[in-house]
Amino acid sequence: MRVELTVNGEPLLADDVWEGESLLYLLRERLGLPGSKNACEQGECGSCTVYLDGVTVCACLVAAGQAAGRQVVTVEGLTDRMTEPAALHPIQQAFLDAGAVQCGFCTPGLLVATHDLLARLPAPTDEQVRESLAGNLCRCTGYEKILDAVRLAAGRLAADASGGHGRNAAGPKPGDQR
Ligand code: FES
Ligand code: FES
């Protein structure tokens with residue numbers, strides 16, 4: 001079947017999609033967007049987290065056909081692609097600066113989940129961060145550096161929002177309608 005959808009603001013289509021194919025497979029293997037990772041393919045690890053019509057989902061659990069006519073935003077869509085090279089979103093930069101990226105397999109899902117968290121709760125407590133990111137597993141960092149990264153991102157976004165000197169104001173902000 002043919003699936004037409006919008007990914008990161010761009011209308012895209014794929015032909016010959018089979019019925020059991022996942023949105024994750026569609027994104028990675030057909031649409032050239034390998035940012036979302038495939039670690040478990042069972043909805044357990046969160047490495048494939050994307051937005052589907054503004055709600056975070058595990059792309060491995062969504063049938064490609066279910067995404068037809070809908071809006072998907074992947075980790076690639078968090079960057080500001082109007083600049084050359086594309087500017088990292090402040091959340092992405094915070095993960096790098098805090099040392100929260102080791103093997104990186106969990107990182108794309110954590111970035112999308114953090115983007116969603118900070119859209120809902122711009123200044124979350126550590127408990128709220130842990131709770132919100134509980135579905136995103138990381139085997140490398142022990143989570144402390146991820147907490148550091150979320151705190152750093154929240155602080156920078158708050159500074160940007162108040163007209164301060166955020167390091168990187170590019171890219172969609174939490175709260176953007178995407
Ligand atoms: S690959 Fe989708 S949740 Fe693990
Ligand atoms: S950095 Fe390796 S799984 Fe998280």
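This is a short tour of a predicted model, going from its largest pocket to a group of salt bridges.

**Stop 1: the largest pocket**

Select Ala39, Cys45, Ser47, Cys103, Phe105, Cys106, Leu137, Cys138, Arg139 and Cys140; together they line the largest pocket. The volume of this pocket is about 190 Å³. Colour the selection by residue class, and the lining divides into 8 nonpolar residues, 1 polar and 1 charged. Cys counts as nonpolar in this division, and the lining includes Cys45, Cys103, Cys106, Cys138 and Cys140.

Now colour by domain, with domain 1 at residues 3-78 and domain 2 at residues 90-161. Each of the two domains supplies at least three residues to the lining of the pocket.

**Stop 2**

Side chains of opposite charge can pair when their charged atoms come close. Show the side chains of Asp126 and Arg151, which form a salt bridge with an N to O distance of 2.8 Å. Asp126 belongs to helix α4 (residues 126-132) and Arg151 to helix α5 (residues 144-161), so this pair links distant parts of the chain, 25 residues apart.

Are these two side chains buried, exposed or in between? Asp126 is partly exposed, at a relative accessible area of 33%. Arg151 is also partly exposed, at 39%.

**Stop 3: from Arg151 to Asp148**

Asp148 has a relative accessibility of 33% and counts as partly exposed. With Asp126 shown again, the selection is a network of salt bridges that links Asp126, Asp148 and Arg151.

**Stop 4: Glu144 and Arg130**

Next, select Glu144 and Arg130. Their side chains meet in a salt bridge, 3.0 Å from N to O. Glu144 is in helix α5 and Arg130 in helix α4, so the pair ties together parts that are 14 residues apart in sequence. Both ends are partly exposed: Glu144 has a relative accessibility of 41%, and Arg130 has a relative accessible area of 44%.

To finish, display Asp126 with Arg151 and Glu144 with Arg130 together. Each of these pairs has one residue in helix α4 and one in helix α5.

Conventions: Residues are numbered from 1 along each chain as its sequence is written. Chains are lettered from A and ligands numbered from 1 in the order in which they are written. This is a predicted model: local features need pLDDT of at least 70, side-chain atom pairs count only at pLDDT 80 or more; totals for chains, interfaces and linings use all residues. Side-chain values use heavy atoms; hydrogens and water are left out. On a 1 Å grid over the protein atoms alone, a cavity is a set of points where a 1.4 Å probe fits but cannot get out, and a pocket is an open set with protein on both sides within 12 Å along at least five of seven lines; lining residues have an atom within 4 Å of a point. Grid points are joined across faces, edges and corners, and a volume is the space filled by probe spheres set on the points. Domain bounds come from an automatic or database domain assignment. A salt bridge is a side-chain nitrogen of Lys or Arg within 4 Å of a carboxyl oxygen of Asp or Glu. Helices (H or I, at least four residues) and strands (E, at least two) are DSSP runs, numbered from the N terminus. Buried means under 20% relative accessible area, exposed over 50%, partly exposed in between (1.4 Å probe, protein chains only).
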